[in-house]
Amino acid sequence: MLDHIRPAPKAKVIEGVTGPWEMVIGLEVHAQIATAAKLFSGASTQVGAEPNSQVAFVDAGMPGMLPVVNEGCIAQAVRTGLGLKAQINLVSAFDRKNYFYPDLPQGYQISQLYHPLVGEGEVWVEVGGAVRRVRIERIHVEQDAGKSIHDMDPQMSFVDLNRTGVALMEIVSRPDIRGPEEAAAYVSKLRQIMRYLGTCDGDMQHGNLRADVNVSVCRPGAWERFMEGDASGLGTRCEIKNMNSLRFIQQAIEHEARRQIAILEDGGQVVQETRLYDPDKGETRSMRSKEEAHDYRYFPDPDLLPLEIEQAWVDDLAASLPELPDTKKARFMRDFGLTDYDASVLTADVEDAAFFEAVAQGRDGKMAANWVINDLFGRLKKEGHALSESPVSPAQLGGIIDLIQSGDISGKIAKDLFEIVYTEGGEPRAIVESRGMRQVTDTGAIEAAVDEVIAANPAQVEKAKANPKLAGWFVGQVMKATGGKANPAAVNALVNARLGL
């Protein structure tokens with residue numbers, strides 16, 4: 001698809017003392033599934049509730065409580081897989097991942113190791129105008145743990161189990177990512193797709209989307225040989241846990257790669273381990289040795305039968321999928337005549353795209369894009385507001401554009417009108433009528449203003465006749481004299497006629 005249009009981005013090269021090095025990166029993205037209830041219970045997933053107020057007996061690991069699969073969670077995971085063009089496995093199974101931690105009351109996590117719900121898929125990632133396909137290895141469904149709180153008391157820690165049992169999708173990529181910027185673009189693209197699908201809200205600030213980043217370094221050419229089946233040249237990877245910021249993901253990868261290069265160039269060996277990133281110090285630190293599957297003593301969950309779904313059900317979900325970002329971007333460029341950049345900005349978020357389309361419907365697409373991106377989005381960003389807080393509705397912004405296209409107001413008046421609508425509200429046409437903002441199109445009135453300005457500036461007239469570019473000065477003076485209400489095209493034509501240009 002996109003790889004036929006633009007080349008793949010080059011791997012980022014770090015120059016070491018002994019020569020160049022490249023990065024090899026794979027990500028495990030944990031996305032909270034957007035459902036009202038948890039994976040195996042009817043407890044609420046609402047954010048912000050009182051601690052331990054949304055915990056069913058099965059979530060708390062009470063004896064004799066049996067899990068029941070929430071069909072809505074499975075449907076959301078399948079929809080995500082379909083959005084990533086992935087294989088949907090009609091038979092999957094749940095396993096127990098055994099480990100002890102205070103916020104895991106059962107003493108194990110129900111996950112999918114051997115038979116995941118979703119198999120191989122792909123994501124197309126754009127970095128600096130170049131495109132790369134990142135392969136998805138699998139998506140498995142699992143339950144989240146609770147939350148340990150260490151800052152409420154100097155001597156005790158507390159546990160909030162509200163998040164325990166919330167459904168997660170773990171989206172595991174192949175080691176196809178070659179630099180920090182590409183890693184951030186990949187997470188951003190996953191988030192965008194899931195928000196379009198409505199399967200995860202992508203709120204990284206509250207941990208609803210977080211990533212474990214696997215980083216290793218190698219000499220140039222080793223990754224290409226690995227893609228052909230020879231993994232001998234790849235380095236030992238380290239995992240950086242629980243990254244919930246695109247900026248921190250990039251910083252952590254950069255630091256970790258340089259840390260590994262320094263070890264290797266000093267004659268040492270990189271130890272496979274799990275690390276944490278400290279954004280205050282800008283460095284990673286060791287957390288624990290890297291666990292393997294056998295460390296968790298995985299075994300099939302005896303309380304859950306294999307999960308079997310029907311192809312007809314999957315087909316129904318596929319038929320109900322919304323238009324996804326890449327398709328919408330291509331349509332915006334085709335139907336509204338947008339540039340690649342403008343279409344990218346307007347489709348970055350599903351709400352942004354819907355707002356623009358409501359404004360542009362039946363109107364000039366390029367003009368609508370300029371007003372949405374530059375005037376509205378620019379103003380909201382400057383004031384730190386989200387689109388959901390916009391005081392200007394699509395109907396109001398569309399009304400301003402209608403007045404411009406009908407010739408009732410000029411571009412300058414439109415800016416003033418936008419300011420009024422943004423700060424005071426109101427229907428644009430009614431504001432124009434009540435405040436006398438309609439553009440002057442009466443040729444006689446404009447001629448009088450032009451004649452008056454020319455008569456008052458004979459020296460400037462001679463200069464303009466010698467240098468026609470100076471005619472713009474007269475246009476500006478006439479616009480000023482008419483309070484910006486004169487039709488600019490009419491003014492320009494009359495000035496040129498009067499000056500004989």
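Which residues in H8 meet H10? Phe-355, Ala-358 and Val-359 in H8 meet Pro-394, Leu-397, Gly-398 and Ile-401 in H10. Contact here means heavy atoms within 4.5 Å. The model is predicted: local features need pLDDT of at least 70, side-chain atom pairs count only at pLDDT 80 or more, and totals for chains, interfaces and linings use all residues. Residues are numbered from 1 along each chain as its sequence is written, and side-chain values use heavy atoms, with hydrogens and water left out.

The residues of the contact of H8 with H10 divide into six nonpolar, one polar and no charged. Ala, Val, Leu, Ile, Met, Phe, Trp, Tyr, Cys and Pro count as nonpolar; Asp, Glu, Lys and Arg count as charged; the others, Gly among them, count as polar. Helices (H or I, at least four residues) and strands (E, at least two) are DSSP runs, numbered from the N terminus.

Two packed helices are described by the angle between their axes and the distance between the axes. Axes are lines fitted to C-alpha atoms, for helices over the stretch in contact, and angles run from 0 to 180 degrees between N-to-C directions. Helix H8 spans residues 350-360, and helix H10 spans residues 394-405. Their axes come within 8 Å and cross at roughly 40°. H8 is therefore oblique to H10. Angles under 35 degrees count as roughly parallel, over 145 as roughly antiparallel, 65 to 115 as roughly perpendicular and the rest as oblique. The crossing of H8 and H10 is right-handed. A crossing is left-handed if the near helix is turned anticlockwise from the far one by less than a right angle, and right-handed if clockwise.

H8 also packs with helix H6 (residues 325-336). The angle is about 20°, and the axes are 12 Å apart. H6 is therefore roughly parallel to H8. H6 passes H8 in a left-handed crossing. On H6, the contact is made by Lys-328, Arg-331, Phe-332 and Phe-336. On H8, the contact is made by Ala-353, Phe-356, Glu-357 and Ala-360. By class, the contact of H6 with H8 has five nonpolar, no polar and three charged residues.

Another helix pair is H15 (residues 471-481) and H16 (residues 488-499). Their axes come within 9 Å and cross at roughly 130°. H15 and H16 are therefore oblique to each other. H15 passes H16 in a right-handed crossing. Ala-471, Phe-474, Val-475, Val-478 and Met-479 in H15 meet Pro-488, Val-491, Asn-492, Val-495, Asn-496 and Leu-499 in H16. This contact of H15 with H16 divides into nine nonpolar, two polar and no charged residues.

The strands come next. Two strands pair if DSSP finds at least two bridges between them. Three strands form an open sheet in the order S5-S4-S15, with antiparallel pairing. Strand S5 (108-111) and strand S15 (299-300) are the edge strands, and each pairs on one side only. Strand S4 (residues 95-98) pairs with S5 in the antiparallel sense over four bridges. Lys-97 has Gln-109 in S5 as its bridge partner.

Strand S1 (residues 13-16) and strand S2 (residues 19-32) also pair in the antiparallel sense, over four bridges. Ile-14 stands opposite Trp-21 in S2. A hairpin of two residues joins S1 to S2.

The protein chain is divided into domain 1 (14-289) and domain 2 (443-499). These bounds come from an automatic or database domain assignment. The C-alpha centres of domain 1 and domain 2 lie 65 Å apart.
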